Each structure stands twice: as structure tokens, then as C-alpha cells.
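Good morning, and thank you for making time for this item. Please have the display in view as I speak.

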Amino acid sequence: MAFENRVDVEHPVHDIRTEAIKFFEEKGFPTKKDEAWKYTSLKTLLKNDYSVFPKEESALEFKDVKKYFIHDIDSYKIVFIDGIYSSHLSQTSHEGLDVCLMSSALSKPKYQLIIENYFNKIAKTDDSLTSLNTAFSREGAFINIPKGKVVDKPIQIIHLATGKESSIMLQPRSLVVVGENAHVQIIERHQSLTDNPVLTNAVTEIFTHKRGIVDYYKIQNDNPNASLIDNTYISQQQNSHASVHTFSFGGKITRNNLQFVHKGEHINSTLKGITITEDKQHVDHSTLVHHATPNCESHQDYKGIYSDSSTGVFNGRIIVEKEAQKTNGFQQSNNILIDDKATINAKPQLEIFADDVKCSHGCTIGQLDEEALFYLQSRGIPKKEARALLMYAFANNVLESVKIPEVKTRINKLIAMKLGVKVGFDL
Amino acid sequence: MLKIENLHASIDDKEILRGINLEVKPGEVHAIMGPNGSGKSTLSSVIAGNEDFEVTDGKISFLEEDIAELAPEERAHKGIFLSFQYPVEIPGVSVTNFMKTAINESRRAQGLEDMPANEMLKKIREKSELLEIDRKFLSRSLNQGFSGGEKKRNEIFQMAMLEPKLAILDETDSGLDIDALRIVSDGVNRLKSKDNAVVVITHYQRLLEYIVPDYVHVLLNGRIVKSGGKELALELEEKGYDWIKQEVAV
Ligand SMILES: Nc1ncnc2c1ncn2[C@@H]1O[C@H](COP(=O)(O)OP(=O)(O)OP(=O)(O)O)[C@@H](O)[C@H]1O
Ligand SMILES: [Mg+2]
């Protein structure tokens, strides 16, 4: 795969990019030899000859892609088509907040300070895929919420791939800065419109200042030839709350790298996920919560339901530094394997250097309860629906914490579709 | 209504039912008694369609139709209901949503529209009042953390909601306190009509004072070895099973 070297020398992040290119050239793509990639192989994906920049811009009508939006609520929208911003589908703002583009943040003087302070500050510089993104990304979402601003409606970041190129690699790069006492909700989705291969290597950096609140929802229900490497880095200051819900239902290979770093006391971090896979799908959740300060808490709760010969990985790491006394770190990964050929590799890693902490992890792998199935069937609920009901129930407490009702409804529908049932229940 | 002929069933190649014959007609109440492990729950599971058990011989028909090949839900749609001896806990599914789903799935199977929400609520209210069930229960996860007696009462609530043609009550009385026994029995009696039938499985004569059987059967070692009227239950209460075992041996 060849990348055209198009880095603009005048650019303020020129040095950062040069470093990143150097790093990626040395390291290359991760292989199964890398501990963090032991169970997720990119080999099949890298066989494709991806085009990196689309040759022509595409236009889409909203009605044709409406279903990929949460369209029954008012929202800000930042939409990309084959990696290029679509002003036609977007609804951005500069009134009291900035909901716009990385390209403008990187080029306009008024954002220079923010870029200097935040760009590539928590994204891992020793991660080859993150470096690849840093080096070549041209576009993404830029969200800047000033101090005290409670954003009136959610922001949707939608990446569409038209399939006009026989295969395409996308590298969106986003930055979210949430000021003191500010509050924002973000919904993100990557969606391919055809079966042509798409490989997305996304990097998002999120900074939450004192008492800020950010709720992030990732809807991953892409086509069977679309793969996603999603790198999300979150830095939190004191008393801030950050939550990320990841709903992984579609796609070929999905790797979620989700990392939280604490920079103050009384921080709350929530990481939740529902994964439902089939065929040969592969979903990998690699999480890290780095407790570096005292009196903070983190909650991780991931539910996975794996059918056919699909595979899952849960690699949940919690680090508690010596200074991080009175940390509460919880982690849970519960999995159901529907078929014999489905597999899950679950590995909790707790590295605790403080002595006064409450940390726990629980990991279960099981089957659907046959006795419960019979019980439900004996009440007239057909086997398929009974299974779906049990799976819903299994995943339900993850949905409970979704704060946008329309998102919850949509996820319910996606789950029902995924399980192939018409269900009238909302649990 | 229900006709069982020479029914043999086994699990893991272990034969548990060894030639059961039983006929239940509309309007009748049958009681099945018998020592622990004699096969009472197995019989009710097999009637309800539990696929863990393999039917190796014999016939089960319901409303003149062979039901051997029907899935549990299809039997339920035809009007068979089993009140479980050990109701299963289902975390995350509330009693109300479970009931809504069960009723609407049955209606869909019959080509009917979903029950309108207000009608559903009304029915839930009526039937929960009949069984004196606190409304708080209805929003709790199905059976989860319910006491033994609460689970049983909840089973009969489900029966009241689903209005089956044939109800099999597997030790519904065990775990019920004296008041609950009366409430639950009253509930069952009120649902009783000349068109439906009840099979009660019990160890105690006491329940049969409330739900009065037309026939009492004794199940022993996978066979019905004795049948009689309601006085047989009194005799069993008094004398236990030894005399029957001896009769069978002879
Ligand atoms: N799933 C199973 N696996 C193996 N054996 C079983 C299974 N279910 C039932 N059995 C055996 O079948 C026999 C009959 O059990 P069943 O539960 O039908 O008895 P019962 O008459 O209902 O007893 P009780 O009065 O104690 O409820 C017992 O010996 C029991 O151990
Ligand atoms: Mg029993």
C-alpha cells in the first residue's frame, strides 16, 4: 500500500505528522506478534489495495441515507462522504460552541491555541495505527464546547462510504474539547453504502474539563466488508463524567481501542458495550482505564452474544497508580456463545499499585439457559423470540444507561433486526 | 381433551415414564399423586413439550390431535399450560413485559392483532387483583428473588392471563402459606369451567379440599398404578404409599 506524501510544510502540526510518519514507517501495521493484537489479525484486510483519497467528490441525498442517522431528534450533524465533508448533509454551528471540521480548526488562526494545546496530546504516539492516522488524516469532526455550555441537542458524526472506489481507506481524526461544567452528547456512526471493502482507521481525542460531562455513543452496524479500527482517547479533569457506549453489531473486523486517563480527583468514567455478532465477524474491545489520581471511579460493563463462527475479544485493562488511593474500578464482561464454533477471548488485566482501592472484575462465558427457554416457550413465546428475549434481558442493563431515548429505541430495533425477530417488548 | 396412551419417555437413556395411560375430558379435575421421583414432573414436562425428554413410545393427543411433534409454544397456543414446580428466574424481563409478549405471541400465532395496550393493562389489573398480587411485583424481573410462595402465585397469575384449556399444576401448593393456598385455589376454581380441565399434582390432601378432583391417580415408578375418586387421596394421606407398592408387587 502506498501513501502519497501530501503533508503541507506550512502546517502547524507539521512536526507532529513528520514524527508520526517516521514512527509508522518503522513499526508498520500491527501483527499477531504484538501482544495487544494477539487475537485480532489485520492480515486479510491489508491485502486490499485501498485508495486513500477519493478521486471524485460524491453527493448524497439525505433521504437516501436518513436511516443511518438518529433522525427523529433535532441534532447537529457533521457528515463525511468518503472522508470528505458534506456541507449538504451537515448542520454545523459556531454559535456559542464550535461544531465543525478538523480541517478548519487546523487552518484557522483562531483555533491555533486549541490545536496546540490538544491536538495529539493524548493519542498514543507509540501506536502505529494512531500514528498512521496522525500522519495522513485530512478531516474529521472538531467540537469545542466552551465553559458552562450545556449543548441543547446531540451531535451526530456520520461517516459514509459510497463504494465508488473499489476499496477505500478512511482516516478520520476528531477532537472534542468539553469546557468546565459543559455538557455534550455525541453519536457516531461509520456506514458503508455498498459491499466494497472499507477500512477505517479513526482517531478521536476527547478532553473533559472540570465537572464537564460527555456522553458518547458509537453505533457500529456496518456492512460485512467494512472494517473499523476505532481509537478513542479520553482525558478527564476533576469531577468530570465521561461515558462511552459502543454497540457493535456489524462490520467485518472491528477493533475498539478505548482509553481513559484521569487528571484530577472524583472523576467518573463509564465504558459500556453490547456486541452481537454472526457469520465470521470479529469484534475486539481493548479498553484501558488509567487511574492516576485518588478518589475516582470507573465502570466497565460489556455484554457479548456471539453466533456462528464469529469471534470476540475483550481485553480490559485497569491501571491504578500508587497515588490513586480510594479508586473504585469495576469491570465486567459477560458473554454468551450461541454456537460451538463461536469464540471469545476475554482477558482482564488489573495492575494495581495502590493499597486502598476497590477493584473487581468478572468475566463469564456461557450459553443461553435452556431451562429458561423452555419456560418462555411453554408460555407461548416461540423459540426464536424466546432466545431474543433472553438475549435482550442479558444485554439490557447496558441499554439502561443510554440517556437519549431515541438512541435507546434505535438500538432496540437494531438488536431485534440483528436477532431476526419482531419483538414488541421494551425491557 | 387430553389423551395419553402407553407413553414412554426417557432422559439420557434412562426410562422415567414407563407406559402412562391417562384421559382428561373437558370440565374434569384430575389429581396425580405419588412418591418423590416417581415421574410426575416428567409427565407434565413431556405434555408441555420439553425436548430434554425423549418420547420413545406411545401417543399424546390434545383436542383429538397428535401433539408429539409440536414445539412447546405450539402446545401453549393450543391451550396447554404448565405451572412449574420450580419456576425459572429470568433476570431482566419484567412480569408485565413477559406477559405482554406471551399473550401477543399467542395472538399472532392465531392470526390476531396485538392486544391493545389499555385492554392488556385492564386484564393485568383484573387478574392480579384476583390473585391478590401486589402491583410492585409486576415490574420486577420475572421470578427473580421471589419467595417460593410468590413464585407459585405468579404461576397462577400467568395461568389466569393466558386462560388455557388444560392447566397442569405441578405442586403449586408447596411453598404456599395457608392464606395463599386459599387465594390460589380460589383463583383456579374461578377459572374453571365445563370447557376446560385441570390436572393437579400434589403431595397433600389439603389442596384437594379446595380444588376438588373428579379422579385421583397414583403414579409410581413411571406408571399410573391406581386410580380412584377423591377418597383415594384421603386414603393415601392416611396410609402412605407402601400398601400400593405392595399391591403392585403382587
Ligand atoms: N433432567 C434429568 N436428568 C436426569 N434425571 C432426571 C431428570 N429429570 C428427572 N430425572 C429423574 O427422573 C425421575 C423422576 O423425576 P420427576 O421430577 O419427574 O419426579 P416427581 O415425581 O416430580 O418427584 P417430586 O415429587 O420430588 O417432585 C427422578 O428419578 C429424577 O431424578
Ligand atoms: Mg415433581
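Let me start with the magnesium ion, ligand 2, which is coordinated by the OG atom of B:Ser41 and the OE1 atom of B:Gln85, at 2.0 to 2.1 Å. These two residues link distant parts of the chain, being 44 residues apart. B:Ser41 belongs to helix α1 of chain B, residues 40–48, while B:Gln85 sits in the loop between β6 (80–83) and β7 (90–94) of chain B.

Are the two coordinating residues buried or exposed? B:Ser41 is partly exposed, with a relative accessible area of 27%. B:Gln85 has 15% relative accessibility and therefore counts as buried, because the cut-off for that class is under 20%.

As to annotation, an unreviewed UniProt entry lists residues 2–246 of chain B as "domain: ABC transporter". In the model, that span is 40% helix and 29% strand, and its end C-alpha atoms lie 30 Å apart.

I turn now to chain A and to strand β12, residues 241–248. Seven of its eight residues are buried, so β12(A) is largely enclosed by the rest of the structure. Which strands pair with β12(A)? One is β10(A), residues 213–220, which pairs with β12(A) in the parallel sense over eight bridges; here A:Asp215 stands opposite A:Ser243. Another is β14(A), residues 268–277, again parallel and over eight bridges, and there A:Thr246 has A:Gly273 as its bridge partner.

Next comes strand β13 of chain A, residues 253–263. This strand is mostly covered, with nine of its eleven residues buried. Ten bridges connect β13(A) in the parallel sense to β11(A), residues 226–237, and A:Asp230 faces A:Asn256 across that pairing. β13(A) also runs parallel to β15(A), residues 282–291, joined by nine bridges. In that pairing, A:Gln259 stands opposite A:Leu288.

Finally, a word on confidence. Chain A has a mean pLDDT of 93, and 96% of its residues reach 70 or more. What of residues 1–9 of chain A? Their pLDDT stays under 50, and the model has 22 contacts for them beyond four places in sequence. Where pLDDT is low, the predicted coordinates should not be read in detail.

Thank you; I am happy to take comments.

Conventions
Residues are numbered from 1 along each chain as its sequence is written. Chains are lettered from A and ligands numbered from 1 in the order in which they are written. This is a predicted model: local features need pLDDT of at least 70, side-chain atom pairs count only at pLDDT 80 or more; totals for chains, interfaces and linings use all residues. Side-chain values use heavy atoms; hydrogens and water are left out. Donors are N, O and S atoms within 2.8 Å of the metal (3.2 Å for Na, K and Ca); water is not among the atoms, so sites may look incomplete. Helices (H or I, at least four residues) and strands (E, at least two) are DSSP runs, numbered from the N terminus. Buried means under 20% relative accessible area, exposed over 50%, partly exposed in between (1.4 Å probe, protein chains only). UniProt positions are given in the numbering used here, feature names are shortened, and annotations may be inferred rather than shown by experiment. Two strands pair if DSSP finds at least two bridges between them. pLDDT is the predictor's confidence in each residue, from 0 to 100. Contact means heavy atoms within 4.5 Å.
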